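Work through the exercises below with the sequence and the coordinates open. Try each task before reading its solution.

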Amino acid sequence: MKTYIVGNWKLNFTVGEASIYLHKLLRKIPNYRDVEVVVAPSTIALQPLSLQIDRHKMKLCAQNAFYRDYGAFTGETSFSQLRGMVDYVIIGHSERRYILGENDKMIAKKVAAAVRNRVRPILCIGETESERAFGETADVIRDQLTGGLSEVADDDIEKIVIAYEPVWAISSVKGAKLASPDEIGEVVKLIRRVLTDIYGAKLAEKVPVLFGGSVNASNAGAYLMIPGVNGLLVGGASLILSEFADIIEVAKKVSQ
Ligand code: PEP
């Protein structure tokens, strides 16, 4: 399996800044066949960047889209509009769950809409600090995973990427802490078990599982060495070109 490095730019960069960043990143990194580099700019930058990106080197990812393909949904962008323009979409990010009020039902519809429109979903799941403190991590992971995948048929599970992002480890969260490889390894094992229960071991093995939470160039190697971790979802550090390029280099070394 490839190693996935996904940069989530969140609500940062103007279209011009995003374009300059992409230009520099494309010049800086070679075409690594075993590392899937993915960048997720704001929706407004997707169209121009889709014309600029070299898809041999990296892929384009939306940060969100709506689950209906067209209609009276003011302010939304559909997967049918993004079809062909982007390769991936982040769905169920904790910022959308807890700031924008998305629930598992809505997330499941978005996953289904993405698959229907040939956009590969990166389904984010993860417990909050208090859920972990109350011993609810396994239940939260199971619920978010089964909920988010509830409309995904066996034939489509290979198209899904899962990102485990403990909310308490995300750098922008107040008092964020670094997750330990043991803590991550345990949840990644659980994710694979739940996938196996639903889809069987053979299909479950094909689903990449990424980790996200305060990843930078110094800790990326340790996180990528955790058994079962197939890549990283990077927020803050992906905004710094040299740092993101270094993470890609680390992924290249680890995947050799
Ligand atoms: C994220 O929000 O998806 C994330 C992983 O952010 P950071 O790397 O900044 O913790």
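The model is predicted.

**Exercise 1. Helix 11**

Task: compare the span of helix 11 with the expected span. Then find which of its residues are buried and what covers them.

Solution. 
- Step 1. Helix 11 runs over residues 241-254 and has 14 residues. From first C-alpha to last, helix 11 reaches 20 Å. That is close to the 20 Å expected at 1.5 Å a residue.
- Step 2. The buried residues of helix 11 are Phe 244, Ala 245, Ile 247, Ile 248, Ala 251 and Lys 252.
- Step 3. These residues cover an arc of only 155° around the axis, so they sit on the same side of helix 11.

**Exercise 2. Helix 5**

Task: repeat the span check for helix 5, list its buried residues and name the elements they pack against.

Solution. 
- Step 1. Helix 5 covers residues 104-116, with 13 residues. It reaches 18 Å from its first C-alpha to its last, close to the 18 Å expected at 1.5 Å a residue.
- Step 2. Buried in helix 5 are Ile 107, Ala 108, Lys 110, Val 111, Ala 112, Ala 113, Ala 114 and Val 115.
- Step 3. Their packing partners are helix 3 (79-82), strand 4 (88-91), helix 4, strand 5 and helix 7 (137-148).
- Step 4. Look just after helix 5: Arg 118 has a positive phi of about 60°.

**Exercise 3. Ile 122**

Task: is Ile 122 buried or exposed? Which residues does it contact beyond four places in sequence?

Solution. 
- Step 1. Ile 122 belongs to strand 5, residues 120-125.
- Step 2. Its relative accessible area is 1%. The cut-off for buried is under 20%, so Ile 122 is buried.
- Step 3. Leaving aside neighbours within four places, the contacts of Ile 122 are Val 6, Cys 61, Tyr 88, Val 89, Ile 90, Ile 91, Val 161, Ala 163 and Leu 210.
- Step 4. Now take a pair: Ile 122 and Ala 65 are 57 residues apart in sequence, with 12 Å between their C-alpha atoms.

**Exercise 4. Cavity and pocket**

Task: how many cavities of 30 Å³ or more does a search of the whole structure find? Which residues line the largest cavity, and how does the lining of the largest pocket divide by class?

Solution. 
- Step 1. The search finds one cavity of 30 Å³ or more. The largest cavity holds about 50 Å³ of space.
- Step 2. Its lining is Gly 92, His 93, Ser 94, Arg 97, Tyr 98, Cys 124, Ile 125, Gly 126, Gln 144, Glu 165 and Val 167.
- Step 3. Helix 4 has the largest share, three residues.
- Step 4. By class, the cavity lining has four nonpolar, five polar and two charged residues.
- Step 5. Turn to the largest pocket, with about 480 Å³ of space. It is lined by 16 residues, and the closest to its centre are Thr 43, Gln 63, Asn 64, Arg 96 and Leu 100.
- Step 6. The pocket lining divides into four nonpolar, eight polar and four charged residues.

**Exercise 5. Loop residues**

Task: where do Lys 10, Ser 214, Thr 128 and Gly 235 lie?

Solution. 
- Step 1. Lys 10 is in the loop between strand 1 and helix 1. Its phi is near 50°, positive in a residue other than glycine. Most residues other than glycine have a negative phi. Lys 10 is buried, at 18% relative accessible area.
- Step 2. Ser 214 is in the loop between strand 7 (209-212) and helix 10. Its phi is near 55°, also a positive value. At 22%, Ser 214 is partly exposed.
- Step 3. Thr 128 is in the loop between strand 5 and helix 6 (129-133). It is buried, at 17%. Beyond four places in sequence, Thr 128 contacts Tyr 98, Val 167 and Trp 168.
- Step 4. Gly 235 is in the loop between strand 8 and helix 11. Not counting residues up to four places away, Gly 235 touches Asn 8 and Lys 10. Gly 235 and Glu 136 are 99 residues apart along the chain, and their C-alpha atoms are separated by 25 Å.

Notes. Residues numbered from 1 in each chain as written. Predicted model: local features only at pLDDT ≥ 70, side-chain atom pairs only at ≥ 80, totals over all residues. Heavy atoms only, no water. Helix = DSSP H or I, 4+ residues; strand = E, 2+ residues; numbered from the N terminus. Buried < 20%, exposed > 50% of the residue type's maximum accessible area, 1.4 Å probe, protein only. Contact = heavy atoms within 4.5 Å. Expected span 1.5 Å × (residues − 1). Arc of directions from axis to C-beta. 1 Å grid on protein atoms, 1.4 Å probe; cavity = no way out; pocket = protein on both sides within 12 Å on 5 of 7 lines; lining within 4 Å. Points joined across faces, edges and corners; volume = space filled by probe spheres on them. Nonpolar A, V, L, I, M, F, W, Y, C, P; charged D, E, K, R; others polar.
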